[in-house]
Amino acid sequence: ANNSQGLEGFPRYKVANIKQLQGSCPVYFFAYPLTDEPCFLVDFSKLNNMKNVEFKNPYANQFRINTNFKDIVGVGPKGSICAFSAVCVHLGCQLPAQALVPSSSDPGLNPSTSILHCPCHGSMYQLDQGGVVVGGPAPRPLPMVLLQYDESTGDIYAVGTNAPYFSEAVPRRRPRDNLIYDPRYSYSVPSNPACVRV
Ligand code: FES
């Protein structure tokens, strides 16, 4: 299965090959669509043994474009790979998806619950429910990047998103006005292989 819908105007380009996801780490970082917009692939077959994942799009019917866009499916040989923005939609801190943590109350990604916990103000996103908010101040789900998979080459393509990423609601004048990261300054894409067990 492949995803073919999403917000219009996004490019389609290769973000990884399946061979790059062969280690035990369930997370792989990439940038999309711009080089300073960090996103990550998560392979649920490694995170929590989910295969052929299919989510209700948490943003269905919230945008004028593609209002019939109801489902997002996992890609790859096991239908288990999805992707999310790595920027918290509360105030824009970068999410440490590479930090595999033993408890959902720790900042990072807890494999047993698939909850990604933002270090800034404690927003919690449940990745295996499509990034819905299960705690903290985040006002909306974590945006997903839509993927397509080429079985003949193993290439994984990003083709769009289901929602806008974080954008600044309050103007800030200097980098230090933000807590950790500010989109006008630099988000960085963590290097791969990504995982750090905390
Ligand atoms: Fe993530 Fe505030 S920026 S909880």
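Colleague: Where does Pro33 lie?

Modeller: A word on conventions comes first: residues are numbered from 1 along each chain as its sequence is written. This is a predicted model, in which local features need pLDDT of at least 70 and side-chain atom pairs count only at pLDDT 80 or more, while totals for chains, interfaces and linings use all residues. Strands (DSSP runs of E, at least two residues) and helices (DSSP runs of H or I, at least four residues) are numbered from the N terminus. On that numbering, Pro33 lies in the loop between strand 2 and strand 3 (38-43).

Colleague: Is the peptide bond from Tyr32 to Pro33 cis or trans, and what is its omega?

Modeller: Most residues other than glycine have a negative phi, and most peptide bonds are trans. The peptide bond from Asn192 to Pro193 is cis with omega near -5°, and Pro193 is placed in the loop between strand 13 and strand 14 (196-197). The bond from Tyr32 to Pro33 is cis, with omega near -10°.

Colleague: In which order do the strands of the open sheet of 6 strands follow one another?

Modeller: Two strands pair if DSSP finds at least two bridges between them. The pairing in this open sheet of 6 strands is antiparallel, and the order is 1-13-12-6-3-2.

Colleague: Why is one side of strand 1 and of strand 2 left without a neighbour in the sheet?

Modeller: Strand 1 (13-17) and strand 2 (27-31) stand at the edges of this sheet. One side of each is left without a neighbour there because each has a single partner strand.

Colleague: By what angle are neighbouring strands of this sheet turned against each other on average?

Modeller: Each axis is a line fitted to C-alpha atoms (for helices, over the stretch in contact), and angles run from 0 to 180 degrees between N-to-C directions. For neighbouring strands of this sheet, with direction ignored, the average turn is 35°.

Colleague: Over how many bridges do strand 12 and strand 13 pair?

Modeller: One of the bridges on strand 13 has Ile156 as the partner of Tyr149. In the hairpin of these two strands, with 4 residues between them, Gly154 takes a positive phi near 80°. Strand 12 and strand 13 (residues 155-161) run in the antiparallel sense, and they pair over 6 bridges.

Colleague: Which residue of strand 12 stands opposite Phe84?

Modeller: Strand 6 (residues 81-85) is joined to strand 12 (residues 144-150) by 2 bridges, and the two run antiparallel. In strand 12, Val145 is the bridge partner of Ala83. The residue opposite Phe84 is Met144.

Colleague: With which residues is Asp128 in contact, leaving aside its neighbours within four places in sequence?

Modeller: Two residues are in contact if their C-beta atoms, placed from the backbone, lie within 7 Å. Asp128 sits in the loop between strand 10 (124-126) and strand 11 (132-135), and this residue is partly exposed because 17 other C-beta atoms are within 10 Å. With those sequence neighbours left aside, the contacts of Asp128 are Phe44, Asn48, Met50 and Ser114.

Colleague: Is Ser114 buried or exposed?

Modeller: Ser114 lies in the loop between strand 8 (108-110) and strand 9 (115-117), and its phi is positive, about 60°, although this residue is not a glycine. Asn49, with a phi near 65°, also has a positive value without being glycine, and Asn49 is exposed because 10 other C-beta atoms lie within 10 Å. For Ser114 the number of other C-beta atoms within 10 Å is 20, so this residue is buried.

Notes:
A residue is buried if 20 or more other C-beta atoms lie within 10 Å of its own, exposed if 12 or fewer, and partly exposed in between; C-beta atoms are placed from the backbone.
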